[in-house]
Amino acid sequence: MTALGALIRRDIRIALRIGGGALIGVLFFLTVVVLMPFAVGPDLALLTRLGPAILWLGALLSSLLTLDRLFTADHEDGSLDLIVMSRTPLELACAAKALAHWLAAGLPLVIATPVLGLLLNLDATATGAVALTLLAGTPALTFIGMIGAALAVTMHRGGLLLAVLVLPLSIPVLIFGVAASQAAIVGPLPFGAPFSILCALSLVSFVIGPFAAATSLRNGLD
Amino acid sequence: MQLSPRLFGRDVRCVRGGREVFTGLAFEAGAGEALAVTGHNGAGKTSLLRLIAGLLLPAGGTIAIESGEGELTVPEQAHYLGHRDALKPALSVAENLTFWADFLGGGTIRPIPDCLAAVGIAHTIDLPAAYLSAGQRRRLSLARLLAVPRLLWLLDEPTAALDVAGQAMFAGLMREHLAGGGLIVAATHGPLGIDTSELRIGN
């Protein structure tokens, strides 16, 4: 546990320091959401209807933006070699890295949501619903994205490859995240059903993500 | 009676990118012995170290430690010091070393300031690693070997970037490690300053 705690603390510390990249995701999220009302126009009803989808798209894209560095930075400076060699199971180390990444880059998105909800004409209930779905859904984006990040490291070309690999897998999360938010705001479906599926997707990703990423890293290092 | 640990490789074959680097390689080192891996550039010195470290899969043959620590695999009993320093420029010297001590060792055996003093960079303890010179970075990596005890040291050009005093200091550290029953496999071009048996790859 000391080892995993140390890994989480280190990753969060690096992310929060200057040039760490945690803020880049939040800034990108802010930019996308702030620009949207200007692009859509001053139709308040339309903004309310599009609000949850816009927030979810912003969160999805900004998580793609920051996930790229999840393993690449450690690979470039040789830390990844030592992590693979260590006595800590690689699966747990991967899970710890993803958790640290989510705390530094995913959680700020959830916290920023209430502020951005104002710009999209969402009332308190609606904003709360979207924030809750993001809280439940963004871990899934991180843990699924981790698989792509691990593959991108082993193939030596990140960036676009990551997006191509991860986006199809993220689509279910997006669908149920937005569906749950819409259900809370306009109905007629109950909030519980899509939200449960969203939570299930997150739980599945907690299991599959670390194992897939660890397998990829083990077989792909050279 | 506790047998002393022994590292051996038998008939090791390495293939990189479809090209055979070496084949039929055999080596052996007992407790307190150092093995210097030599050979021309591209002969496969780094590849051999990474094979032992479990970072490359051998195309054939076996590498193992006899009478090592319990059920641990070879990589889990080894320190790997590669070309890259595994340091984060955003973190301070102490933070970098504390992290590796906690992550690799689950709590330090030797206090961090002691380790830094042993490699001669105690005065940089609060400095961000970004401001270290190449030689200081190398010394900080060496401090990692001291912070967490491991049976086997895998060193890839360990004296690169070290000044003369640093090389002497490092030779002393290696002698201590060997005297404590450790093993060293080092890829090198120059003399290490300790007694080694040579393993030559290629011709």
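These legends accompany close-up views of a predicted model. In this predicted model, local features need pLDDT of at least 70 and side-chain atom pairs count only at pLDDT 80 or more, whereas totals for chains, interfaces and linings use all residues. Residues are numbered from 1 along each chain as its sequence is written, and chains are lettered from A in the order in which they are written.

**View 1. Packing of helices α7 and α9 in chain A.** Helix α7 (residues 124-154) and helix α9 (residues 192-220), both DSSP runs of H or I with at least four residues, pack at an angle of about 20° with their axes 8 Å apart. Because angles under 35 degrees count as roughly parallel, α7(A) is roughly parallel to α9(A). The residues of this contact divide into 18 nonpolar, eight polar and no charged, where Ala, Val, Leu, Ile, Met, Phe, Trp, Tyr, Cys and Pro count as nonpolar, Asp, Glu, Lys and Arg as charged, and the others, Gly among them, as polar.

**View 2. The contact of chain B with chain A.** Counting residues whose C-beta atoms, placed from the backbone, lie within 7 Å, the contact takes 22 residues from chain B and 21 residues from chain A. On the side of chain B, the elements that give two or more residues are β5 (78-81) and α2 (93-105), and α2(B) gives the most, with four residues. By class, this side of chain B has 13 nonpolar, four polar and five charged residues.

**View 3. The fold of chain B.** Chain B has five helices and eight strands, a strand being a DSSP run of E with at least two residues. Along its principal axes, the C-alpha trace of chain B spans about 50 × 45 × 30 Å.

Conventions: Axes fitted to C-alpha atoms, helices over the stretch in contact; angles between N-to-C directions. Parallel < 35°, antiparallel > 145°, perpendicular 65-115°, else oblique. Contact = placed C-beta atoms within 7 Å.
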